[in-house]
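This briefing is intended to be read alongside the sequence and the coordinates.

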Amino acid sequence: MTLLRGKGLGLEVVLAGRDFAEALLELEAKLASQPGFYRGTEAVAVYGDAEPSAEQADALRRVLEGGGITLKGFTAATVVDGAEFERRRAMRPRREVTLSDEARSLVADFAGARADIAQRRKRGEESVRRADLVATRTATPIVAPPALTIVEPPPSTLYHVGTLRGGQSLQQVGNIVVVGDVNPGAELIASGDIVVFGRLGGVAHAGAQGDATARVYALDLSATQLRIASCIAADAGERTGAAGPEAAFVRDGRILVAALEKLPHPEAQGAQS
Amino acid sequence: MHEVQPEPVPVAQKAKRGRAIVITSGKGGVGKTTTTANLGHALAARGCSVALIDADVGLRNLDIVLGLESRVKHNLLDVLDGTVELDDAIVRDKHNASLVLLAASQTREKDEVDTEKMKALVERMREQYDYVIIDCPAGIEGGFKNAVVGADEAIVVCTPEVSAVRDVDRVVGLLGNKFRPQLIVNRLRPALVKKGKMLSVEDVNAILRLPLLGVIGDEPEIIVTTNRGEPIALRKDGATAAAYHAIAAKIAGEDVAAPTVEIKASGFFGRLGAMFGGAK
Amino acid sequence: MSGRRIVVTSGKGGVGKTTTTANLGATLAKRGHRVILIDADIGLRNLDLVLGLEKRIVFDVVEVAEGRCQLRQALIKDKRFGELLSILPAAQTRDKDAITEEQFAGIVKQAAEISDYVFIDCPAGIEAGFRNAIAGADEAIVVTTPEVSAIRDADRVIGKVAEKNIPIRLIVNRLRPEMVRTGDMLSVEDVCEILSAELIGVIPDDEEVIDTTNRGEPIVLDEANKLRVVYDKIARRLEGELVPFTNFDNQGFFGRLLGVLKAG
């Protein structure tokens, strides 16, 4: 029988048939595992053969209070024989559970599914355990995305035609040019510049190896986030989509965005960072 | 509302290999299963033979939506394992005999599906049916990959919500160049769109940039029909039933029909028009 | 003592796991608890969107697992809640196999050491993503709608979660009392009877919720939102309070709320 159970609006602590000290330890552990869960409820302790002593009652009261439960009192458990049990059960008002048709069909359906599993077990089939499957699969090592290593030959430009979808990623030592849109959720990482002949909506990281003179150009610069070298900028305000072609660059450690006409010529930027 | 008259299919045409279409989205709860069931019925009503496959192993629902759960004795995995013949596993629909279902298992797992066998099964079924439509599970894991493997056409279903659009976009990217997916926008509420409290079809397709197959409104009736297992496409009237029949007609028309809604794209390629038409 | 680690799952997609995780987490933060939300849906991340934090993502859970950054660096603090609400976003360009169950569980435990509540937003389904999400949890909340397909999936998920011997609680989302009355939708009692899990919340259907998630604005911050009360009750039940359930069936949710306000 469970140690702690609901009864009416409150709780019952069932000491009957248990060693008191063990029950107390179990109760403490249970209350500690769900702190605050029973807070504010009242409890009655049910004892079996011997009424608890004053010290035991105090100890119990303290443990319960630790869980926010008030001990109302003690009562003796009565051993009920078979006939008496039946009599009491017959007297209890019947609670009709009315299930809707859908609920009934579902209950039957689940019974069917469980019967299916039971049948498989009887036939000696193990419902396939995940552990077995793991054993037959070869372990796939966790692969980190390729680090951009510095290569000696001049970096090339990756030229991609088409829309880049969310979750797709282009990475290049060199520049990246996309003719198409870059959707939110996509990312572009380049050690050089990034040029999007379309709408840039995802994350673009130019100068990914530390080149703060790198730039991000787009016909529609609506990136979720822009990164150049180690600077990061998120679109703070409401930029309307009608801004026209723009570029992002770093000045004084911050990322700035300017319309194409206003953009300082790349050669004029020099070694600014 | 006009009635769709089923067109008898001349026997000679049956020699042609059927089409295998996967219905997918990435995001759960957008209406893949409901769409599969209703499109199946709409195509069957046109006189085509249609097989529906529930690829959501372990979380099967297509049978409930069709009202056939009590008739399902065997499932997809039984057929793939070879313990049961395909003909014994398929369940004929109670309203239309040219529509059949191959249900998923409720007690087994998606990683028990052998990809090659799944592909072979879909190939086999294409010899027998005009359409094989595969109901894809949510997500982009193994279940998704197995659902897609046998198909050569895809329909993505998207609701007008930012999360759904993101997920569908991801899936379109994963479908890759083999597919030219078409889009169904589901659960649109024009009143909310007008109030600015819901994305419009244009908003959705500004990101997805897919050929639009159809738009379905959000009727509370749909929940009733799926709970009761009576797909709404069976009805003779109502906007939703008509929408599904129109989509079926487009699918059967065998050309990528022009979208019924003007796409005012905010990306660049809509504006540049003919030069960069359609998404890649 | 370390924080509680609660996974929010469902089986069926689209029933409101992410919305619930975000709003419940935000509500508890508003009530003064330190809350960390972890998005376990690698490749299809949405938790950041729903809270309007996507622009601030620098690192994600996979990078933490790979050791490329510390957990604290990856956590994004939602400034609207002081220091109390943070999220650990999922990776978008990776797959569910980019992280193992052990790694995920380790991160969850780490997060629990610096918070009172950790909520794990579980992906749809019962595949690897789901297994990762439940790996570090010591409690579960199952979200379902009163529809037959959702309940079926919830039952499957409850079966799987029960193998871990952790407490499982139920939230019934998107209830439409008028449809229950006409017999076109299962009632909360029906759902509880079928799933036999402890009910911790009933959330009525509200067509404006989608707008709040589109705009990234948690409901608890909007005093005019009718669902604020509902999430508050769920938060309090989670804290251990015995809070009576609103009876939506009688006058409909709005009628009932008005009644409460009039009584003062």
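In chain B, strand E2 (residues 50-54) and strand E4 (residues 99-102) are paired in the parallel sense over four bridges. Within this pairing, B:Ala51 has B:Val100 of E4(B) as its bridge partner. The model is a predicted one.

- Chain B has an open sheet of eight strands with mixed pairing, ordered E3-E4-E2-E5-E1-E6-E7-E8.
- Strand E3 (91-92) and strand E8 (212-217) of chain B are the edge strands, and each of them pairs on one side only.
- Helix H1 (residues 32-45) of chain B packs on this sheet, where it touches strand E1 (19-24), E2, E4, strand E5 (131-135), strand E6 (153-158) and strand E7 (182-188) of chain B. The direction of H1(B) makes about 165° with that of E5(B).
- Helix H5 (residues 115-128) of chain B lies across E1, E2 and E5 of chain B, and runs at about 145° to E5(B).

**Chain B: overall composition**

- The secondary structure of chain B consists of 12 helices and eight strands.
- Buried residues amount to 56% of the 280 residues of chain B.
- Of the contacts in chain B between residues at least 6 apart in sequence, 78% join residues at least 24 apart.

**Contact between chains B and C**

- Chain B contributes 35 residues to the contact and chain C contributes 33 residues.
- On the side of chain B that touches chain C, the elements giving two or more residues are helix H2 (62-66), helix H6 (142-149), helix H7 (162-175) and helix H10 (221-228) of chain B.
- H7(B) gives the most to this side of chain B, with five residues.
- By residue class, the side of chain B that touches chain C comprises 14 nonpolar, 12 polar and nine charged residues.

**Chain C: overall composition and dimensions**

- Chain C contains 12 helices and eight strands.
- The radius of gyration of chain C is 18 Å, close to the 18 Å given by the globule rule for 264 residues, so chain C is as compact as a globular protein of that length.
- Along the principal axes, the C-alpha atoms of chain C fill a box of roughly 55 × 35 × 35 Å.
- Of the 264 residues in chain C, 58% are buried.
- Among contacts in chain C with a separation of 6 or more, 78% are between residues 24 or more positions apart.

- The eight strands of the open sheet in chain C follow the order E3-E4-E2-E5-E1-E6-E7-E8, and their pairing is mixed.
- Strand E3 (76-77) and strand E8 (198-204) of chain C stand at the edges with a single partner strand each, so one side of each has no neighbour in the sheet.
- Strand E1 (residues 4-9) and strand E5 (residues 117-121) of chain C run parallel and are joined by five bridges. C:Ile6 has C:Phe119 as its bridge partner in E5(C).
- Helix H1 (residues 17-30) of chain C lies across E1, strand E2 (35-39), strand E4 (85-88), E5, strand E6 (139-144) and strand E7 (168-175) of chain C, at about 165° to E5(C).
- Helix H11 (residues 228-239) of chain C also packs on the sheet, touching E7 and E8 of chain C, and its direction makes about 170° with that of E8(C).

- E6(C) pairs with E1(C) in the parallel sense over four bridges, and C:Val8 stands opposite C:Ile141 in E6(C).
- E6(C) also pairs with E7(C) in the parallel sense, over five bridges, and C:Val142 has C:Leu170 in E7(C) as its bridge partner.
- From E6(C), the chain crosses through helix H7 (residues 148-162) of chain C to E7(C), in a β-α-β crossover that is right-handed.

**Chain A**

- The secondary structure of chain A comprises six helices and 15 strands.
- In chain A, 28% of the 273 residues are buried.
- Of the contacts in chain A between residues at least 6 apart in sequence, 31% join residues at least 24 apart.

Definitions and conventions: Residues numbered from 1 in each chain as written. Chains lettered and ligands numbered in written order. Predicted model: local features only at pLDDT ≥ 70, side-chain atom pairs only at ≥ 80, totals over all residues. Contact = placed C-beta atoms within 7 Å. Nonpolar A, V, L, I, M, F, W, Y, C, P; charged D, E, K, R; others polar. Rg over C-alpha atoms; globule rule 2.2 N^0.38 Å. Buried ≥ 20, exposed ≤ 12 C-beta atoms within 10 Å, placed from the backbone. Pairing = 2+ DSSP bridges. Axes fitted to C-alpha atoms, helices over the stretch in contact; angles between N-to-C directions. Right-handed = clockwise from strand over helix to strand, strands pointing away.
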